[in-house]
Amino acid sequence: MVDRREILKLAGAAALAAALPAPALAQSKGRGQVVVIGGGFAGASCARALKRFDPRLAVTLVEAERVFTACPFSNGVIVGLRSMADQRFGYQGLAQDGIALRFAAATAVDPQARRVTLADGGILGYDRLVVAPGIDLRWDALPGYTEEAAQRMPHAWKAGEQTLLLQRQLAAMEDGGVVVIAAPANPFRCPPGPYERASLIAWYLKTHKPRSKLLILDAKDAFSKQRLFQGAWTELYPDLIEWVPLSQGGKVTSVDAASLTLVTDFATHKAAVANVIPPQQAGRVAQRAGVADRSGWCPIEPVSFQSTLQPGIHVIGDAAIAGAMPKSAFAANAQAKACAAAIAGLLAGRPLEEPRLINTCYSLVAPDYGISIAGVYHPAGGQLIDVEGAGGISPLEAPRSVRQQEAQYADGWFKTITAEVFG
Amino acid sequence: MEPVKAALAVVVLLVLAGGDAAASGPPPPPGATACSGCHAATAGIVTPVPRLVGRKPADLVAALQDFKAGRRPATVMDRIAKGFSDAEIAAIAVWYGEQRPERRR
Ligand SMILES: Cc1cc2nc3c(=O)[nH]c(=O)nc-3n(C[C@H](O)[C@H](O)[C@H](O)COP(=O)(O)OP(=O)(O)OC[C@H]3O[C@@H](n4cnc5c(N)ncnc54)[C@H](O)[C@@H]3O)c2cc1C
């Protein structure tokens, strides 16, 4: 079979692509051409669901990396409970589904011409584009916190080398040291994530370095599953974790990587290990496509996940402003399937049905102690809002067996979702 | 569902969709696809979370209604079932009853 993209490349991409509108070409093959940028929990789920809902669609997934490294459960890697290999997934399963894979970064999107440009010079035309690049860290938001500084003060908020760096720093720390976590203001990837990390680091310190302390400097006054976390901290790690909220001077205003210090309005904290989770924004390609607003995130229309800023482009996962839905892998996967159903419907000329979405996020407070938050969402007033009366957190008072069961369900969730997305 | 009935259902849906339904069956009703984040739809996964694919719709409806009413012990399903109307629960149950586990090579 002749690969249209190869021909384009050979013949001089720009000239030919201008002469032959790609979507028209694609349609002659079947139902329509869908390009997905980003093969994470959102993008990979969406590509697969598109093929499942309408096998005649030509689906191309554009992903910068050949191996995906999952953030969920990466806090377990940091404290030695899991191996990094358990976090890594390839794309063979997607190829077997008939999805065309392009391992290159998308560098530009032309919404008028409906074309995506890749770092390797390739050009892809589309009828519908899905933008699912996850997050980028904002290197301009916290004075002193540059990409270089992150080599001394890891964020570990994109799993991979950063996760291993934080793991090594913790392992090398002497007993009696202070670990400092700087947590960002909302919105950010994985609202309970910093507190799960704090819990598991506390477990590690209690087990291996019991004279050490953990300090959380927070740019907000409340956080996800707060009462559950704080209850568990009192029970499991008394006097080990200190949480400093915004109103008590918790917001970090600058850092100095050379001396491992974090500065707030009230104090300067010297750390033995510093984990700085900086403010974030939608992955850069979202800006280049013109789908991000001034907040740095992407406003969407909640039935189809279409951008409210550019026609023909859908945004899902962490990059999207999804109302009450948190930036989680569970939410990204649920949005991806709803978005795929909408795209299949739009291309087939079917009326769209209002989706109903679910999120369930587990956090481990200790290896055998799980807690959860859940929500059910529906579109209303141009946003995704909570279905009233549903959702909420695990009971505040519960026997240890319930916490154990939730830890097992957390494990089951990770296996199930990664098999659905990458298996 | 017996093979004959299943085949009939597919035919009916193909007709309803103008002969245009995807080869893999009818579009899932609202909410249905979100369940497989936890309830494995792919074969060969070992998890304590029960499967929904291929279950009798009546059993699924009964379980969801019991979760919704707080009659059945739960960790998280009580919180989730409350987000669905009786009609939505029925539609999801019927759809799962018609699905078969996806085989991954
Ligand atoms: C420590 C931690 C713990 C977490 N724990 C949980 C948890 O327990 N449960 C949960 O539900 N969620 C959890 N999360 C959140 C979860 O990781 C994210 O919400 C999820 O990854 C979002 O999916 P996404 O597809 O939007 O982004 P990602 O999964 O980050 O995928 C984005 C993909 O796009 C690619 N990409 C980006 N730009 C381009 C480009 N220009 N061209 C080509 N490819 C591009 C990237 O390489 C990447 O593969 C956690 C996060 C962290 C940091």
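Student: How many residues has the largest nonpolar core, and which of them have the most contacts inside it?

Tutor: A nonpolar core is a set of buried Ala, Val, Leu, Ile, Met, Phe, Trp, Tyr and Cys residues joined through side-chain atoms within 4.5 Å; buried means under 20% relative accessible area, exposed over 50%, and partly exposed in between (1.4 Å probe, protein chains only). Here the largest such core has 139 residues, and A:Val116 and A:Trp233 have the most contacts inside it. The model is predicted: local features need pLDDT of at least 70 and side-chain atom pairs pLDDT 80 or more, while totals for chains, interfaces and linings use all residues. Residues are numbered from 1 along each chain as written, chains are lettered from A, and side-chain values use heavy atoms, without hydrogens and water.

Student: Why does this core lie between domain 1 and domain 2 of chain A?

Tutor: Domain bounds come from an automatic or database domain assignment. Domain 1 (29–137 + 281–352) and domain 2 (149–278) of chain A both give residues to the core, so it lies between them.

Student: How is the interface of the two domains of chain A to be read in terms of buried area?

Tutor: Buried area is the accessible area (1.4 Å probe) that two parts lose on being put together, summed over both. Domain 1 and domain 2 of chain A bury about 1,900 Å² between them, 69% of it on carbon and sulfur atoms. On the domain 1 side, A:Asn75, A:Ile78 and A:Leu137 lose the most area, together 33% of what that side buries.

Student: How many salt bridges cross this interface?

Tutor: A salt bridge places a side-chain nitrogen of Lys or Arg within 4 Å of a carboxyl oxygen of Asp or Glu. The rule finds two across the interface of domain 1 and domain 2 of chain A.
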